[in-house]
Amino acid sequence: MNIIHLSDLHIGKSNNLIKAHRIIEWIIGNQDLHQSNLVVISGDIVDDGETWQFKKARDLINRLREAGYIVLTVPGNHDCGPNGIRENQASKRDFREMISQVAEYPAVIIKSGQAFVLLDSMEAEMEKGELWSAQGYLGLRQLQKLDLLLDELAENPAVENVILVLHHHPFDYLFYHGLRDHADLKGVISRREGRPPRVNALLFGHKHLDHRFNDPEDNKEDLYGIDLIFSSGQTVERGEDGKMALPVIDLENKTIQRYRIS
Ligand SMILES: [Fe+2]
């Protein structure tokens, strides 16, 4: 199964909406090429958590859904309030009602033997009222539930791969920007000795940096026993060639192909 990984669309900022529609058009028009019917969006879908932005994002995502695509989303800090640093519950509600339709995280969606586990890296950040700028915080409740869930999925013979999606970047250690409980998350998702991987693919965004974490000198995939660890760049950002990069992940072969979109 191939999945398309979008991230950090920041709808509402500059001409990102126009570029995002261009990407959606490309996806719908090129299914023969990418061979996917499932799109993951790893947060910061809008820029300021405003209702008008969510309406634009909903129209965008509906184009994909109406064309038969499954679209899975997780919230980012910018989906929760202005500038991604002043979170409020009204934005959270808009995100749930207009974008995700997910009431509680972790959420599990199983499609064709692939178990997608969605996390909300803003949950504890907002609950505790300790809003530290653009940081994320999964919280103990979510991590404990994730732990149990991964045990259950490991016992399910119908599940081929577990794909974990969150917005915050677990290898971003910048103060005011990283995931506060990244070490706890790594503890939960690491492969246990003598066992198969607990998580086969770990996908996130937030840093606007396209990178697979399998560098020979610092291979996080080997370190944590996860087949594929990938941070999507900001999909609506143009590269040096003036084109946008669209990563498509092959879950069977654990490879990533990037298509360039004008
Ligand atoms: Fe972010």
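# Briefing: helix packing, core and backbone features

Leu143, Leu146 and Asp147 of helix 6 meet Asp184, Leu185 and Val188 of helix 7. The residues of this contact divide into four nonpolar, no polar and two charged. The structure is a predicted model.

**Helix 6 and helix 7**

- Helix 6 covers residues 140-155 and helix 7 covers residues 182-189; their axes are 9 Å apart and form an angle of about 10 degrees.
- Angles under 35 degrees count as roughly parallel, and helix 6 is therefore roughly parallel to helix 7.

**Helix 1 and helix 3**

- Helix 1 packs against helix 3 at an angle of about 10 degrees, and the two axes are 9 Å apart.
- Because of this angle, helix 1 is roughly parallel to helix 3.
- On the side of helix 1, the residues that meet helix 3 are Leu17, Ala20, His21, Ile24 and Ile27; their partners in helix 3 are Lys56, Leu60, Arg63 and Leu64.
- Sorted by class, the contact of helix 1 with helix 3 comprises six nonpolar, one polar and two charged residues.

**Helix 3 and helix 4**

- Helix 3 (residues 51-66) also packs with helix 4 (residues 89-100), at an angle of about 20 degrees and with the axes 9 Å apart.
- Helix 3 and helix 4 are therefore roughly parallel to each other.
- The crossing in which helix 3 passes helix 4 is right-handed.
- Helix 3 contributes Thr51, Phe54, Lys55, Ala57, Arg58 and Ile61 to the contact, while helix 4 contributes Asp94, Phe95, Met98 and Ile99.
- Six nonpolar, one polar and three charged residues make up the contact of helix 3 with helix 4.
- Glu97 is also located in helix 4.
- Glu97 has 11 other C-beta atoms within 10 Å and is therefore exposed.
- Between Glu97 and Cys80 there are 13 Å in space, C-alpha to C-alpha, and the two are 17 residues apart in sequence.

- The largest nonpolar core has 58 residues, of which Leu119, Ile163, Leu164, Val165 and Leu202 touch the most other members.
- Ile163 is in contact with Gln114, Ala115, Phe116, Val117, Asn200, Ala201 and Leu203, when its neighbours within four places in sequence are left aside.
- Ala201, one of these contacts of Ile163, lies in strand 7 (residues 201-204).
- Ala201 counts as buried because it has 24 C-beta neighbours inside 10 Å.
- Apart from its neighbours within four places in sequence, Ala201 is in contact with Asn161, Ile163, Asp227, Leu228, Ile249 and Leu251.
- Ala201 and Glu66 are 135 residues apart in sequence, and their C-alpha atoms are 27 Å apart in space.

**Val71 in strand 3**

- Val71 belongs to strand 3, which covers residues 70-73.
- With 19 other C-beta atoms within 10 Å, Val71 is partly exposed; a residue is buried if 20 or more such atoms lie within that distance.
- Not counting residues up to four places away in sequence, Val71 touches Val39, Ile41, Ile61, Leu64 and Arg65.
- Ile61 and Val71 are ten residues apart in sequence, and 7.3 Å apart in space, C-alpha to C-alpha.
- Ile61 also takes part in the contact of helix 3 with helix 4, and Leu64 in the contact of helix 1 with helix 3.

- Most residues other than glycine have a negative phi, and most peptide bonds are trans.
- Asp8 has a positive phi, near 50 degrees, although the residue is not glycine.
- The loop that holds Asp8 runs between strand 1 (2-6) and helix 1 (16-29).
- Asp8 is buried because 25 other C-beta atoms lie within 10 Å.
- Tyr176, also a residue other than glycine, has a positive phi near 70 degrees.
- Tyr176 is found in the loop between strand 6 (161-165) and helix 7.
- Tyr176 has 9 C-beta neighbours inside 10 Å and therefore counts as exposed.
- The peptide bond that joins Tyr105 and Pro106 is cis, with omega at about 0 degrees.
- Pro106 lies in the loop between helix 4 and strand 4 (107-111).

Key: Residues numbered from 1 in each chain as written. Predicted model: local features only at pLDDT ≥ 70, side-chain atom pairs only at ≥ 80, totals over all residues. Axes fitted to C-alpha atoms, helices over the stretch in contact; angles between N-to-C directions. Helix = DSSP H or I, 4+ residues; strand = E, 2+ residues; numbered from the N terminus. Parallel < 35°, antiparallel > 145°, perpendicular 65-115°, else oblique. Left-handed = near helix turned anticlockwise from the far one by under 90°. Contact = placed C-beta atoms within 7 Å. Nonpolar A, V, L, I, M, F, W, Y, C, P; charged D, E, K, R; others polar. Core = buried A, V, L, I, M, F, W, Y, C linked by C-beta atoms within 7 Å. Buried ≥ 20, exposed ≤ 12 C-beta atoms within 10 Å, placed from the backbone.
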